Structure formats: structure tokens, C-alpha cells
Amino acid sequence: MATPTTPSPPRFRFDDVVVDCHDFSVVKGRQKVALTPRAFDVLRYLIEHGDRVVEKQELFEQVWKERFVTDNALTRAVKEIRQALGDNAAAPRYVETVPKRGYRFIGPVGEVGEVGEVGEVGEVAREQESTAAAGAEDGAGAGAVEGAEPAPTAPPKSAGPPPAARRRPGIVAPLLALAAAFAAGSFLFYRWSQATAPPPPVAPRSVAVLPLKNLSGDPANEYFSDGMTEALITALSKAEGLKVISRGSVFSLKGKEVDPREAGRRLGAAAVVEGSVRKDADSVRVSVRLVSAEDGSVLWASDTRDHALGDIFGLQDEIARGMAAGLKVRLTGEGGHEPARRPTGDVEAYQLYLKGRFFWNKRTEEGLRKGIEYFEQAIERDPLYAPAYAGLADSYAVFNLYSAAPLKDASPRAKAAAERALALDDTLAEAHTALAYVKEQYEWDWRGAELEFRRAIELDPNYATAHHYYSEFLALLGRTEESVVHIKRAHELDPLSLIINTELGFPHMCAGRWDEALGYFRRALEMDPDFHLAVYFGARCHTQKGDFEEALAQSRRAVALSGGSTVTVGGLGYVYAAAGRHAEARKVLAQLRELSARRHVSPYILATVHAGLGERDRALALLEEAYAERDYLLVMLGVDPRLDSLRADARFKDLLGRVGLAP
């Protein structure tokens with residue numbers, strides 16, 4: 001019984017265009033034309049269903065395979081196809097738009113099997129042979145093909161014709177014509193094959209490390225596989241000239257079966273690392289491979305041997321060196337060739353640190369509390385473990401953002417932990433970023449914060465969080481264009497992060513560019529329509545534009561999506577006040593005061609509502625309370641339009657100066 005064979009990917013031809021689904025190439029004439037992977041998939045799908053109209057929704061489901069896709073994405077793909085093929089939307093030859101429905105491929109397409117096979121392609125080949133033969137008869141030989149160089153021939157032994165030719169003169173011309181046709185056909189095939197051949201491989205300059213799968217069979221070991229993933233991201237981030245996609249985006253694909261090429265497309269990476277971790281009590285096996293996102297080829301693969309758990313750092317170094325070789329980049333640790341020095345020799349301390357990061361990344365009050373416990377346990381085992389101090393600093397720095405009961409000493413603890421981390425290792429970008437955040441949000445040391453942000457980015461240009469926080473910092477100071485540069489860089493490094501996609505609009509909102517900001521917030525909501533921060537920021541913009549009905553609708557939705565956070569409730573109160581609906585605004589104020597009996601309510605939030613009601617003295621008194629509490633929301637003083645009615649007051653100007661935001 002014959003073994004069934006897997007059919008090879010098809011190749012299509014229409015007019016002078018060849019679409020090869022084996023190497024994802026498109027050749028028009030003799031030139032290879034560029035198509036992004038998504039546009040190529042759209043073209044292929046339209047060709048394969050050229051007997052009918054393909055609805056837009058079908059393309060979204062079959063090509064994008066994502067829940068939220070805008071019409072603009074499809075429009076851009078079709079426009080790219082038309083430009084590549086020299087097509088015209090007004091008078092299409094290949095891709096026809098069917099209004100309000102979708103698209104149809106109308107070109108005279110044939111499928112190519114072996115060279116010279118199948119339908120219209122075979123007809124084209126026969127036409128070329130006929131043309132070449134006719135040219136040979138007219139031009140007397142292969143030299144009749146334009147641009148072809150005649151093959152060198154041996155000098156004749158005699159000046160006269162060969163005896164056979166003298167005896168059979170009628171055979172010479174047909175033989176010459178046949179030889180010329182063969183030479184012409186060979187030359188044309190050579191040129192065609194050169195045009196369709198894939199370009200030589202190039203070293204990728206961007207990479208995404210997908211979450212390594214936990215194959216231990218124990219969900220409790222999830223922290224270890226996640227930690228190994230982060231360790232590889234960190235190691236590659238130190239490579240010269242390499243863009244490394246951040247944790248936030250790659251972990252959005254965790255648990256999903258995504259083809260490496262598709263992952264590369266989604267993440268904007270030329271190469272993808274995928275693999276697995278199997279951890280037992282005293283051994284570990286890490287299997288990874290580096291895959292080209294362009295064609296799916298394997299650029300490098302690790303061995304699959306078991307290693308002693310105590311040799312985990314050596315294993316990480318080995319894998320990092322192998323990936324760097326596959327990517328043709330240089331690691332910039334000690335000596336410029338190796339990963340950075342090992343921060344601890346205690347494997348148990350390392351595992352406790354990984355558990356701390358695992359819970360810190362959950363960004364919940366409970367997760368932060370557990371993270372703090374594990375970081376402290378790691379420090380108990382190794383008091384010189386700098387990354388554990390950096391993790392502790394990160395946890396305390398953001399604790400009050402996620403806690404209903406803020407810690408008054410969270411900021412001093414964050415600062416102390418960051419400074420201890422830097423005393424042990426001044427090269428930790430995470431610690432510099434945490435210290436910068438504390439200096440900005442709680443100490444209002446703007447110059448000191450900027451120095452720390454810049455140092456963090458200098459040490460690790462691939463650290464998306466540093467670019468993100470620095471962008472916020474710059475926006476708060478009114479340095480809008482600089483802020484835009486850094487949030488865009490953060491987005492390049494972490495393209496699927498909801499918060500970063502939302503904060504693409506933050507600099508524009510701070511600068512009063514409401515429509516530009518709204519555009520970014522809407523795009524973030526295409527990724528997740530229930531992301532409350534994007535809804536809340538959008539409501540803020542609609543309020544400033546005077547679109548009060550839309551602002552109220554979005555504010556109510558933000559309150560519901562956030563679970564009634566005091567920030568969103570206060571935002572709703574301000575919209576009521578700005579819309580002249582003072583009774584509703586006062587009800588919100590009463591609700592916030594009732595909440596304050598159970599959890600902390602920022603005086604700054606209350607001040608914005610009173611400012612909207614025109615109650616200047618009360619608003620300023622509440623801002624003074626916020627100042628006494630070192631309320632982190634005071635960093636918004638310089639750019640918050642809800643406080644514009646207070647800006648002419650000398651008391652407000654004095655407060656600006658004390659927070660370091662005086663013009």
C-alpha cells in the first residue's frame with residue numbers, strides 16, 4: 001500500500017506574475033516584489049476562492065484569525081496587493097472590490113505544478129518556446145535572444161561544411177533552429193528561476209521569545225518556565241543592535257498554539273524562539289529552537305539533555321550564546337562576548353526570585369504582596385542578590401496603584417530597595433527605572449528622575465517599561481514630542497501591551513490634542529473593548545471637547561469595567577459638574593466620601609470634582625491635603641485640564657512650585 005504524500009504548497013501564475021506559496025514569494029516579470037505576510041495571505045486566499053466574492057468577515061476569520069480587526073487593516077492589505085501587482089481599484093485587472101461585501105480575484109489564474117505544467121502556465125511556456133524558435137530562424141542562432149551570450153565553440157577543423165551536411169542539406173536549418181530554441185528556452189528558464197528563487201538568508205535584527213511550555217506536569221512549576229523565558233529575554237536584550245520584544249507582548253500568546261511565522265507577524269519580529277522546560281526535583285531540561293518568522297526555517301536549536309538544577313545558570317549561558325550565534329549578534333556582558341555575570345550562586349534564592357516575579361507580573365494587590373514575600377525570602381538566602389532587591393523596589397513602587405489600602409511607607413521602601421540593588425549592581429536597568437519612578441511620583445525630584453530614566457535606557461535600550469515610564473514623565477512636563485518618541489519605542493518593543501497601546505495617546509491628551517488622543521484610545525479598545533483605562537481616558541477627551549453625552553456614557557462604562565475604582569468614579573463626578581448637572585456631581589461626591597470610610601480616596605480626585613463645580617477654595621484645600629499625603633496624583637497638576645479654573649490663583653501657582661512643576 002502506497003504511503004500518502006503531503007501535497008506541496010501551490011504556485012499560481014497570471015499574466016507575468018508568479019505567486020509561490022512554498023516560499024511566500026511574489027514575482028512580477030523578472031522582479032521579486034515585496035508583500036507583508038498578512039497581505040500575502042489575503043492574496044492567496046482570494047486566488048484560491050477566485051470563483052466567488054469573499055466576504056470581509058470571512059477574510060478576518062480565515063486570515064487574521066483574531067477577534068477584533070478593523071476594516072482599515074483589510075483595506076491596507078488590499079492596497080498593498082494592488083500596488084505590488086500594478087493593479088488599479090478603479091479599473092481592476094486582478095482584485096475587484098464588491099461594495100459593502102468584500103473582494104473577488106478576477107485575474108486569469110492557473111496553478112503551477114512542475115515547471116512548464118498545468119493550464120495557462122504551460123501555454124505561456126509554449127508561447128515562449130515558439131517565439132524563441134522564430135527568433136532563432138530570423139537571427140540564425142542563440143545570439144538572437146537579446147542579452148544572451150553565445151556559448152564558446154571549438155574552432156572548426158575545416159572551412160567547409162561537414163560531410164553529413166553536404167550529403168543531407170535539408171537537415172541543417174531545422175537542427176540549428178531547434179538548438180536555438182533549446183538555448184533560448186534554457187536561458188529564459190534560468191532567468192525565471194533566478195527571479196523566483198528566495199533571497200539568501202539574512203541575520204534577523206528582531207526577536208521574540210515565546211513563553212516556554214511547562215512540561216513538568218505540575219502547574220506549580222509554571223513560575224520556573226516563565227522565569228526561564230524572562231531570563232532568555234534579558235540575555236538577548238543585552239545584544240548589540242537587536243530589538244527584543246518585551247515580556248508583556250509575548251506572554252499575551254501564552255497557552256496558545258501559534259505558528260512561529262504568525263507569532264512573528266503579530267509581534268513584529270524577524271525571528272521567534274519557542275520551546276519547553278521540564279523541571280524535576282534536581283534536574284532540568286530546556287529545549288528551545290530559533291525559527292525564522294519569514295519562512296519557518298530553524299536557525300538554531302539547543303540540545304535536549306538533562307542538566308543538574310544546580311547548573312541552571314550555565315545552561316542559560318549556553319542557550320544565550322547559541323541563540324546569539326543563530327541571530328549573528330554579539331552579547332554584551334563581561335568582555336562583550338558572554339552573558340552578564342551571575343547575580344547569585346544560590347539556586348534556591350534564584351527560584352524564590354522567579355516566584356516573586358511570577359506574582360509581581362499579575363499586577364494585583366494580592367500578587368504584589370506574594371511577590372514581596374518571595375523577594376524577601378530570596379534576600380534572606382542571599383543578602384547580596386541585587387535582582388531580588390530590584391524586584392522588591394518594583395513591587396513597592398507600584399503597590400499603591402493597585403491597593404485599596406495604600407502603604408504610607410511604600411515609597412521609602414521602594415527607594416531603599418532600589419538603592420540597595422544599585423549598590424550591589426549599578427547595571428540593573430530595572431532598579432534605575434524603579435528609583436526614577438519613586439523620584440518622580442513621590443519625591444517630585446524631576447531632574448533626579450530623568451537622570452535615572454536615561455541611565456536605565458542606556459543600560460537596556462530594549463526595556464519597554466523604562467521607555468513607557470519616561471514617556472509619561474516627559475508628557476507631564478509638557479515635552480510632548482520627546483514623550484511621543486519614547487512611547488512609540490515602548491510600543492515597538494511591546495506591541496501587544498494594552499497599557500502601552502493606550503498610552504500612545506497619553507502625550508496627546510496631556511497636550512490638549514483631543515482628537516489625536518482619541519484615535520489611539522479607540523485603537524487600544526479594538527484590542528480589548530473592556531480595557532477600562534482606555535475607556536476612562538476617552539471619556540476625559542470627550543469632556544474637554546464638550547461631547548458631554550458621550551463622555552457620560554463612557555464614564556459610566558469605565559466605572560463598571562473598573563469595579564468602581566475611585567479614579568473612575570471621580571471622573572464621572574467631574575463630567576457631571578462640567579456638563580452643568582451639579583446635583584448628580586454632588587451625589588458622586590457623597591458616594592466618594594462614603595467609600596473613604598472603607599478605603600483610601602485621594603483628595604486630588606475630590607478636588608477635581610469641586611473644581612468642576614466652581615468651588616475654588618474647597619478644591620485648593622483638598623489639593624493641600626493631597627500635598628500633605630505626598631499623593632502621587634499631584635504629578636498631573638501641570639497638565640490636568642480639570643484644574644484649569646484654578647491656574648490663575650496664586651495658591652495654585654505656589655503649589656505647582658512646591659511640586660516642582662512651576663513654569
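## Largest cavity

The largest cavity of this predicted model holds about 70 Å³ of space. It is one of two cavities of 30 Å³ or more in the structure. A cavity here is a set of points, on a 1 Å grid over the protein atoms alone, where a 1.4 Å probe fits but cannot get out. Grid points are joined across faces, edges and corners, and the volume is the space filled by probe spheres set on the points. Residues are numbered from 1 along each chain as its sequence is written, and side-chain values use heavy atoms, with hydrogens and water left out. Local features need pLDDT of at least 70 and side-chain atom pairs count only at pLDDT 80 or more, while totals for chains, interfaces and linings use all residues.

The lining, meaning residues with an atom within 4 Å of a point, consists of Trp360, Arg363, Asp394, Ala397, Val398, Thr433, Ala434, Tyr437, Tyr463, Thr465 and Tyr469. By class it has seven nonpolar, two polar and two charged residues. In this scheme Ala, Val, Leu, Ile, Met, Phe, Trp, Tyr, Cys and Pro are nonpolar, Asp, Glu, Lys and Arg are charged, and the others, Gly among them, are polar. At least two lining residues come from each of helix 13 (386–402), helix 15 (429–441) and helix 17 (464–476). Helices are DSSP runs of H or I with at least four residues, numbered from the N terminus.

## Helix 13

Helix 13, one of the contributors to that lining, has 17 residues. From its first C-alpha to its last it reaches 25 Å, close to the 24 Å expected at 1.5 Å a residue; the expected span is 1.5 Å times one less than the number of residues.

A kink of about 25° is centred on Tyr396 in helix 13. The bend at a residue is the angle between axes fitted to the seven residues ending there and the seven starting there. Helix 13 is mostly covered, with 15 of its 17 residues buried. Buried means under 20% relative accessible area, exposed over 50%, and partly exposed in between, for a 1.4 Å probe and protein chains only.

## Second largest cavity and helix 22

The second largest cavity has a volume of about 60 Å³. Its lining is made up of Tyr536, Ala539, Arg540, Thr543, Ser555, Gly571, Tyr574, Val575 and Arg642. Two or more of these residues come from each of helix 22 (532–545) and helix 24 (566–578). Helix 22 gives the largest share, four residues. The lining divides into four nonpolar, three polar and two charged residues.

The 14 residues of helix 22 should span 20 Å at 1.5 Å a residue, and its end C-alpha atoms are 20 Å apart, which agrees. Helix 22 is largely enclosed by the rest of the structure, because eleven of its 14 residues are buried. The buried residues are Leu533, Ala534, Val535, Tyr536, Phe537, Gly538, Ala539, Arg540, Cys541, His542 and Thr543.

## Salt bridges

The count comes to 43 salt bridges, each defined as a side-chain nitrogen of Lys or Arg within 4 Å of a carboxyl oxygen of Asp or Glu. Arg104 pairs with Glu96, the closest N and O atoms being 2.7 Å apart. Arg104 is partly exposed at 28% relative accessibility, and Glu96 is partly exposed at 24%. A network of salt bridges links Arg38, Asp41, Glu262, Arg265 and Arg266.

Lys254 forms a salt bridge with Asp226, with closest N and O atoms 2.9 Å apart. This pair links distant parts of the chain, 28 residues apart: Lys254 lies in the loop between helix 8 (247–250) and helix 9 (260–267), and Asp226 in helix 7 (residues 222–237). Lys254 is partly exposed at 29% relative accessibility, whereas Asp226 is buried at 3%. Asp617 and Arg651 also meet in a salt bridge, at 2.9 Å from N to O. They lie 34 residues apart, Asp617 in helix 27 (residues 616–628) and Arg651 in helix 28 (residues 650–658). Asp617 is exposed at 51% relative accessibility, and Arg651 is partly exposed at 40%.

## Val78

Val78 is in helix 3 (residues 71–85). It is buried, with a relative accessible area of 2%. The C-alpha atoms of Val78 and Leu43 are separated by 8.0 Å, and the two residues are 35 residues apart along the chain.

Technical notes: 1 Å grid on protein atoms, 1.4 Å probe; cavity = no way out; pocket = protein on both sides within 12 Å on 5 of 7 lines; lining within 4 Å.
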